[in-house]
Amino acid sequence: MNSTFLSLESHPDRLTVKVSGCWIFDKVSALEEAIASVLPAEGQAVTFQCAGLEEIDIAGAWVLYDRTQLLNSHGFKSEFAGFKAAHFKFLQNIIDAAAIREYEEPTAQTGRPKRAKMAIEKLGKNTAGVVEDLGAIARSILEGVYRPSLFMIGETIKQVYHTGVQAIPVVVVITFLIGIVTVHQAAGQLGKFGASVLVVDLVSISITREMGVLLAAIMVAGRSGSAFAAALGVMKLNEEVDAMRVLGLNPNQMLVIPRILGLVIALPMLTIFADAAGIAGGALIAVGSMGISGLQFVERVAYSTDLTDFYVGLSKAPVFALLIAMIGTLRGMQVKSSAEELGLKTTMAVVQSIFMIIAADALFATLFTRMGI
Amino acid sequence: METIISVRNLVNRFGKQVVHDGLCLDIQRDEILGVVGGSGSGKSVLMRSILGLQKPTSGTITVMGQKIEYHKPGPSRCWGVLFQGGALLSGLTVQENVELPMALYSDMQVETRHELASLKLLMTGLSLSTADKYPSELSGGMRKRVALARALALEPKILFLDEPTAGLDPIAATEFDQLISYLHDNLDLTIMMITHDVDSLFGVSDRIAVLVDGGVVTGTMDEILDSDHPWIQSYFGVPRAIRARQAGRK
């Protein structure tokens, strides 16, 4: 067998392998193929004749060395001749070092039961961690109640601006569009009963009680929940949070509470905008293409919807805000080590806050129905 | 002597601030070039320009005969880079970090790749028990070693080191210097090393390049020490540099 890399000469007691060409990293797969043909017969010793080698690097030397190890382990003697480069000695040193190290450190086996145990332990630890974090936040809030000077007013206002004021355009546009969609959908169905005018009731009640606050909250969860998690996560990675701690500052006080408070202020305000935009969207279609006059629309809204409906929707906003801000900041603070983790926690923050918003909304709906509101 | 890296008339300007003003530098095959300079003298900018990570205002750079262009794939098979903070990919384990370039550039079998990666880790003085750890679980010194193993993954001809001993304790820094010398002696490596550590500068480098006044002064240690440029005088005149010089002479 001959190839670019080696040629074999078989003698009764000796197999001479003439190594030639470039034994380098780029050719490793071809080298592995070539070296696999070095199969000495019983009683043959193997000599690697390396004088024809043009170039060799660590990867190439490794292929060569690996084969000799395999041959030795099967009881064949192997030796090298005519080696020019210093690489092989270098490699030998490393392998010797490896042999010692590997002997020192047997790798631990992780079986299935252990893994299950670890998963349960992790779940428990995570739960305990969340409870601890929530406790720390609650304590910081209490401290703030006793010493109002601790509240970062400026930071809170900044958060209201970022999470509330800057979100107005997108929330307004979205609820406006949903108002349009609702009226379009309802007009077809209610028209069949000759009760087209009831679309006004439908749109104003559903927007004020449910859709306005829900859409605003989901939008904010996507915008600000992720922003909270990412911002705090990067601060954790940059050791900014640690720096605050050693300066004697409470990161909860500095970072978490302004965000929670800011959002609790911002979301109800956004909800008012959302409600108004939703009804305006409904009005556009009702007046524009259904022949309901503007005055009729306003009268109908006033007749069907009262302040209770508005307050029902509005009362949910602070709760949703609390959920979004708590989950976002908590997830951000959980980032410990890597950029990957940061992405993961940010995703978790958004998904979990939207999930919690909808779950809480369902709870509210049941509650309000039971209470007859 | 064969010139491996050639920088010609490099100009780097940021707004009004001129960092390099017609800088010319040749790096020879198999040498270790230590690069020093004050803060803001453009050491990192020079390295980033050579690596094609920074668009120079003007000038040409060739590495192994290939012209470097901004954000175009350079001769990445031929060079390995050790970034200052290690720049390990935080989502991958140590082993995976070293294997990544191998997987990208070779169709070798997975087992071979594993073994070669382990070998690189051992070469840089790491034990195999670190292989499954994530970069965040390692100390600064170990992270640098892993980064060096990754830089060596593709058997590069040129190694760029950005402050390899910064942030290491004196023992780890000395070990790292020895490691670099050892690798240089055993592999055909050309090394460009940015450093503020006068010990490693004197202990390791063959030639020194000092970035001053937008240009560069190169020479052997003695030539540099004979220079009458005021900044070079004061840089090598501080007590720690004098001590390092004496230690390096021994």
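Predicted model: local features only at pLDDT ≥ 70, side-chain atom pairs only at ≥ 80, totals over all residues.

Guide: A crossing counts as left-handed if the near helix is turned anticlockwise from the far one by less than a right angle, and right-handed if clockwise. The crossing of H6(A) and H9(A) is right-handed. Helices (H or I, at least four residues) and strands (E, at least two) are DSSP runs numbered from the N terminus.

Visitor: What's the average pLDDT of chain B?

Guide: Chain B averages 86, and 99% of its residues score at least 70. Among the elements of chain B, strand E8 (residues 190-194) has the highest mean, 92, while helix H9 (residues 239-249) has the lowest, 77. For the complex, the predictor gives an ipTM of 0.77 and a pTM of 0.68.

Visitor: Back to chain A. At what angle do the axes of H6(A) and H9(A) cross?

Guide: Helix H6 (residues 168-192) and helix H9 (residues 251-289) of chain A cross at roughly 40°, and their axes come within 7 Å. That makes H6(A) oblique to H9(A). Among the residues making the contact are Val172(A) and Phe176(A) of H6(A), along with Phe273(A) and Ala277(A) of H9(A). (Contact means C-beta atoms, placed from the backbone, within 7 Å.)

Visitor: And how many of those contact residues are charged?

Guide: The contact of H6(A) with H9(A) has no charged residues; 17 are nonpolar and 7 polar.

Visitor: Which helices pack together in chain B, say with H2(B)?

Guide: Helix H2 (residues 94-105) packs with helix H3 (residues 110-123) of chain B at about 120°, their axes 9 Å apart. H2(B) and H3(B) are therefore oblique to each other, and H2(B) passes H3(B) in a right-handed crossing. Val98(B) and Met102(B) are among the H2(B) residues there, and Leu116(B) and Leu121(B) are among those from H3(B). That contact divides into 7 nonpolar, 1 polar and 3 charged residues.

Visitor: What about sheets: in what order do the strands of chain B's open sheet come?

Guide: The 4 strands run E2-E1-E4-E5 in chain B, with antiparallel pairing. The edges are strand E2 (17-28) and strand E5 (66-67) of chain B, each pairing on one side only. (Two strands pair if DSSP finds at least two bridges between them.)

Visitor: How many bridges join E1(B) to E2(B)?

Guide: E1(B) and E2(B) are joined by 9 bridges; for instance, Ser6(B) has Asp26(B) as its partner in E2(B). Their hairpin has 2 residues between the strands, and Gly15(B) there takes a positive phi near 65°. Strand E1 (residues 3-14) also pairs with strand E4 (residues 58-63) of chain B, over 5 bridges, and Val7(B) stands opposite Ile61(B) in E4(B).

Note on methods
Residues numbered from 1 in each chain as written. Chains lettered and ligands numbered in written order. pLDDT = per-residue confidence, 0-100. Axes fitted to C-alpha atoms, helices over the stretch in contact; angles between N-to-C directions. Parallel < 35°, antiparallel > 145°, perpendicular 65-115°, else oblique. Contact = placed C-beta atoms within 7 Å. Nonpolar A, V, L, I, M, F, W, Y, C, P; charged D, E, K, R; others polar.
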